[in-house]
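Hello,

Here is the structure for your files. My notes follow below.

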Amino acid sequence: MIRLTLIALLAVIVLAMAILLYWQWLERQRPVTAAWITLEQLQQAAELVTLKVPYQQLVETRVAGYSGSVRCVVLAVGEAWVGTDLEQARWETDPITGTVTLTLAQPRVLSSHLDHDRSRVVLTARRGVWLILPGEAGEPQVIEQALRDAQQQLAASAASEEHIEAARQQAETVLSEQLGMPQTSNVVIQWRP
C-alpha cells in the first residue's frame, strides 16, 4: 500500500513538473508584445535629459577704468544637462506600411549650473592707480563678472554640436529600449529641423 502511494505521489510530481516545463516553453514561444506608451504618457514626462556635460575651465575677466584695471582668473566648475522637450513630441502612423514615426524637438541645453562651492578664484590683480587704492578696489565686481562669464561659457559649451548629437543618440536609445519600442518594430525616430 505504501509502495502504491509512493508511486502515485511520484507520478503526481512528474506530471506537475511536466506541466510546469510545458508552461515555461509556451511562455518562451509567445511573441513578445511591446508595452507601447501613448503620446500623452510621453508628453507628461515633459523633458528627457539624455546628456550630462561636466565643465571645468579657467575664465579670465577684466574690468577697466580710466586709471587702471582689475583682472580676475576663476577656475569655474559646473555641469549642464542636455535633452529634448517631450511635450513637443508627435506620433504619425503610415496606414499602408504600419510604420510609426516619432518626431522629437531638437535637443537643447535644459539647465546649466555653475558650482560656486567648487569654483575657485585663482588670481586677482590690479593695474594702474587701482594698485594704491585702499580696500578691494573693484575686486568683488570683477569676481562676480567672471562667474557670470563662466556661467555663459558653460551654457555655450554644452550647446556644441558634439553634445547635441550625443544627446540625440542617447534619446533614441532610451526611447527605443527603455520605453518599450522593440528593435524589430516599424518605429522611426526623427528630429525636427
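Two strands count as paired if DSSP finds at least two bridges between them. Helices (H or I, at least four residues) and strands (E, at least two) are DSSP runs, numbered from the N terminus. This is a predicted model: local features need pLDDT of at least 70, side-chain atom pairs count only at pLDDT 80 or more, and totals for chains, interfaces and linings use all residues. Residues are numbered from 1 along each chain as its sequence is written, and side-chain values use heavy atoms, with hydrogens and water left out.

The sheet. Strand S4 (residues 100-104) and S7 run parallel, joined by five bridges. Val100 sits opposite Val187 in S7. The sheet is open, with three strands in the order S3-S4-S7 and mixed pairing. Strand S3 (90-93) and strand S7 (187-191) each have a single partner strand, so one side of each has no neighbour in the sheet.

The cores. A nonpolar core is a set of buried (under 20% relative accessible area, 1.4 Å probe, protein chains only) Ala, Val, Leu, Ile, Met, Phe, Trp, Tyr and Cys residues joined through side-chain atoms within 4.5 Å. The largest has 13 residues, and Val53, Ala76 and Val82 have the most contacts inside it. Strand S1 (47-64), strand S2 (68-85), helix H3 (139-158) and helix H4 (161-178) each supply at least two residues of this core. S1 gives the most, with four residues. Another core lies apart from this one; it has nine residues, among them Leu86, Leu104, Ala171 and Trp191.

Best wishes

Terms used. Buried < 20%, exposed > 50% of the residue type's maximum accessible area, 1.4 Å probe, protein only.
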